[in-house]
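Please keep the sequence and the structure in view while reading.

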Amino acid sequence: QVQLVESGGGLVQAGGSLRLSCAASGSILSFNVMGWYRQAPGKQRDLVAYITSGGSTNYADSVKGRFTISRDNAKNTVYLQMNSLKPEDKAVYYCAAPWHGNYWGQGTQVTVSS
């Protein structure tokens, strides 16, 4: 079972940037689709972005133009570059591949101060 471990979260001022990383314990080549989700306090977990093995990407409307998802299959790592962060981006961010099974990371906290 491949394990997913996120890193890169933290506290940033509004307008700032963070880069989240998701390191897999095994090959992600078998994961055609990988994504990032987020869950704010008291809210449901929502899909933020996903990327296919061919590099196609899709974003939630709320992050389009500000966030960029990428993957490095050689390093078994998926990234989420977050720019122009807003206070409403505050959430726990999860790396996941639910299209392929119950693959979820433990989450990393992102806090944006106004």
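## What counts as a salt bridge

A salt bridge is taken here as a side-chain nitrogen of Lys or Arg lying within 4 Å of a carboxyl oxygen of Asp or Glu. The model is predicted, with local features needing pLDDT of at least 70 and side-chain atom pairs counting only at pLDDT 80 or more, whereas totals for chains, interfaces and linings use all residues. Residues are numbered from 1 along each chain as its sequence is written, and side-chain values use heavy atoms, with hydrogens and water left out. By the salt-bridge rule, the count comes to three.

## A network around Asp89

Arg38, Arg66 and Asp89 are linked in a network of salt bridges. In one of its pairs, the side chains of Asp89 and Arg38 meet at 2.9 Å, N to O. This pair links distant parts of the chain, since Asp89 is in the loop between strand S8 (77-82) and strand S9 (91-96), while Arg38 is in strand S4 (residues 33-39), 51 residues apart. Strands (E, at least two residues) are DSSP runs, numbered from the N terminus.

Asp89 also meets Arg66 in a salt bridge, at 2.7 Å from N to O. Here, too, distant parts of the chain are linked, with Arg66 in the loop between strand S6 (57-59) and strand S7 (67-72), 23 residues apart from Asp89.

## Buried and exposed partners

Buried means under 20% relative accessible area and exposed over 50%, with partly exposed in between (1.4 Å probe, protein chains only). Asp89 is buried, with a relative accessible area of 1%, and Arg38 is buried at 14%; Arg66 is buried as well.

Asp61 forms a salt bridge with Lys64, with the closest N and O atoms 3.1 Å apart. Asp61 is exposed, its relative accessible area being 65%.

How values were computed
Helix = DSSP H or I, 4+ residues; strand = E, 2+ residues; numbered from the N terminus.
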